[in-house]
Amino acid sequence: MNANFKNQMKKLLATFLITCLFLACTKDDNTVSEADKEVTQTILDRISESESLSVIKKIIETVDSNTGSSLGESLDGESKFTLFAPINDSDTPLALNIDAQGNLVFSEDELALWSGILKYHLVAGSVLKSSDLEEGDELTTVLGEKLIVGSMGEVVLEDATDVPGKIVRTDILAKNGIIHYVDKVLTPNVVIEAVENRPEANEIREVLESDDALSTLLEAIIALGMEDELFGNGTTGRKNRFAASRLEGATLFAPTNEAFNSLFAELGDEYNSIEDFDTEEEKEVFRNALRFHTAPAGVRPVNSFTQNGEELMTLLDENITIGTQTSSLQVRDTRSAGFVMNADRPAGGNIVHTINIVLRPIAFYDAFAPDETAGDTRNIPSVLRNYPSLSVLVQAIEKTEVSFEYSAELEVGDVNISTFFAPDNEAFTALFEILGTEYNSLDDFNTPEELEILADIILHQHSSSYLCSETLVESGRSQVYPARLINPQVPKFPDVRNEVRTIGDAAALVITIRDDFNREARIKEADIVVGEGIPACAEGVTDIGGQTSLIHITDLVLLKRDFTERLNDL
């Protein structure tokens, strides 16, 4: 028996074994019946019907909607395809980042790679049944790269990796083709090259060391002995050697130096730097505050946050809250809020977002509580600093050295409550237009008399009444409601009352406050809580306990005619 004949016999035997294998595999629910041959469902219909293919369906939808491609439309059309469809628990060469609403979130680079991966699972123009697949066959995919039919005791597809994909279910007929289930996402060379050629990302420590604005955070981590805890690297735990390490990564919200300076200013003269936290109890409280900035359950780029109020579990096992209703992503602890200033900074298997606030867990607030006799009105400026849209207001407060601390001599009742109507930057632009050409910015307020008037304007926005939005809405809807806007720190103010009106329905509600010039300021963001206490009316409670203040952001500076008259007399 010559060698050529032996080789021919081996090939015939291999073909016979593969055919027998597929016949065996198709005896149960995979059997192609005569009825199946007259199916009316398209390939896309078959994918949609299958609980085992929900992930690949979501990937197709995400790629199509974000790139303008029409793969889903093609699979629902008349052209013939053979699809090798990865089942849901298939290993993947790229991370599958999922937001709070269950949507897949890909970067532009990842979208391009997933588009190629999807095409690599399709053979166009042919309906290849299991009986048509022979060991050694080369299948040219829509991507242009080839798949090779192999056999390792069962039919497999060899991609560009060293781990073949097993065909685990065969011959799902559709009117425009056929589907075979595989147990992995088949990986083409183009994806392998892209993954292997990715630039090595910085580690968290390197990100902090490279940014002067984050030097205080780096100093705190080192001083508190947290380098191993926060700079350590996780492993992927994935079987596929091309799986991105960030699948097991973390999201770090990194406070800037200015955020730390604001915290120190709020805590008082005893705490001017990290070094002033010198007892073991204080150090542990601060360590927990830093743990409160790290969400370990995955890498979350900014565009993955689509649900307002989403809660993220931190290393401290306490949640921080994400707000999406402002132009910049908001990050909140239980009492304060800040914003992401510099987003999506890669750090090895992690991601870093720079924020303008030091987030604090409840235990931190309790450990460094302000003097109760002062009332938490004094914390209003520190909350205002967390909002970029209020930067002019913050500058005005700092320039005039306005105090929000109610003096012990003032008779403000048993509880220290207040409401501050905070004009945004656009509101100050409108104010300067009203004041005339001599006052075009805060720089034009220089004399003691001018600074006093500017201080009075700021304090005029501060009411000793507790005016949560629910009170304003209900009162303003039924009648013109005279809201008491009087600050007991300014005894020369009469008992000023401004008209409040509510316009629109719940879907488009507008609360307005009218000043002496008949201008109507609109509340743009309501019920920002300052310090301890429950926003009573929002909870259906009539008695307010503790020390509670609110901030409403407005689009106009509320004015009295007295202010402009005093400026004109200077």
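Over the ring of which residue does the charged end of Arg 561 sit? The ring is that of Phe 517, and the charged end of Arg 561 is 4.5 Å from its centre. Before I go on, note that this is a predicted model. Another arginine, Arg 300, lies over the face of Phe 305, with 4.2 Å to the ring centre.

Now to rings that pair with other rings. A pair of aromatic rings is described by two values, the distance of the centres and the angle of the planes. The structure has 12 such aromatic pairs. I will show two of them.

Take Tyr 271 and Phe 368. Their ring centres are 5.2 Å apart and their planes stand at 85 degrees; over 60 degrees counts as edge-to-face, so this pair is edge-to-face. Buried means under 20% relative accessible area, so Tyr 271 at 10% is buried, and so is Phe 368 at 13%.

The second pair is Phe 339 with Tyr 387. It is edge-to-face as well, with 5.1 Å from centre to centre and 75 degrees between the planes. Phe 339 belongs to strand β15, and Tyr 387 lies in the loop between α13 and α14. These two are 48 residues apart, and this pair too links distant parts of the chain. Phe 339 has 4% relative accessibility and counts as buried. Tyr 387, at 5%, also counts as buried.

Back to Tyr 271 and Phe 368 for a moment. Both belong to a cluster linked by ring pairs, together with Phe 260, Phe 264, Phe 277, Phe 286 and Phe 364.

Last, the helices. Two packed helices are described by the angle between their axes and the distance between the axes. Helix α16, residues 448-460, packs with helix α18, residues 561-569, at an angle of about 175 degrees, and the axes are 10 Å apart. Over 145 degrees counts as roughly antiparallel, so α16 is roughly antiparallel to α18. Which residues meet there? From α16 they are Glu 452, Ile 453, Asp 456, Ile 457 and His 460; from α18 they are Phe 563, Arg 566 and Leu 567. By type, the contact has four nonpolar residues, one polar and three charged.

Conventions
Residues are numbered from 1 along each chain as its sequence is written. This is a predicted model: local features need pLDDT of at least 70, side-chain atom pairs count only at pLDDT 80 or more; totals for chains, interfaces and linings use all residues. Side-chain values use heavy atoms; hydrogens and water are left out. Axes are lines fitted to C-alpha atoms, for helices over the stretch in contact, and angles run from 0 to 180 degrees between N-to-C directions. Helices (H or I, at least four residues) and strands (E, at least two) are DSSP runs, numbered from the N terminus. Angles under 35 degrees count as roughly parallel, over 145 as roughly antiparallel, 65 to 115 as roughly perpendicular and the rest as oblique. Contact means heavy atoms within 4.5 Å. Ala, Val, Leu, Ile, Met, Phe, Trp, Tyr, Cys and Pro count as nonpolar, Asp, Glu, Lys and Arg as charged, and the others, Gly among them, as polar. Rings of Phe, Tyr and Trp (its six-membered ring) pair if their centres lie within 6.5 Å; planes under 30 degrees apart count as stacked, over 60 as edge-to-face and the rest as tilted. Buried means under 20% relative accessible area, exposed over 50%, partly exposed in between (1.4 Å probe, protein chains only). A charge sits over a ring if NZ of Lys or CZ of Arg is within 6 Å of the ring centre and within 35 degrees of the ring normal.
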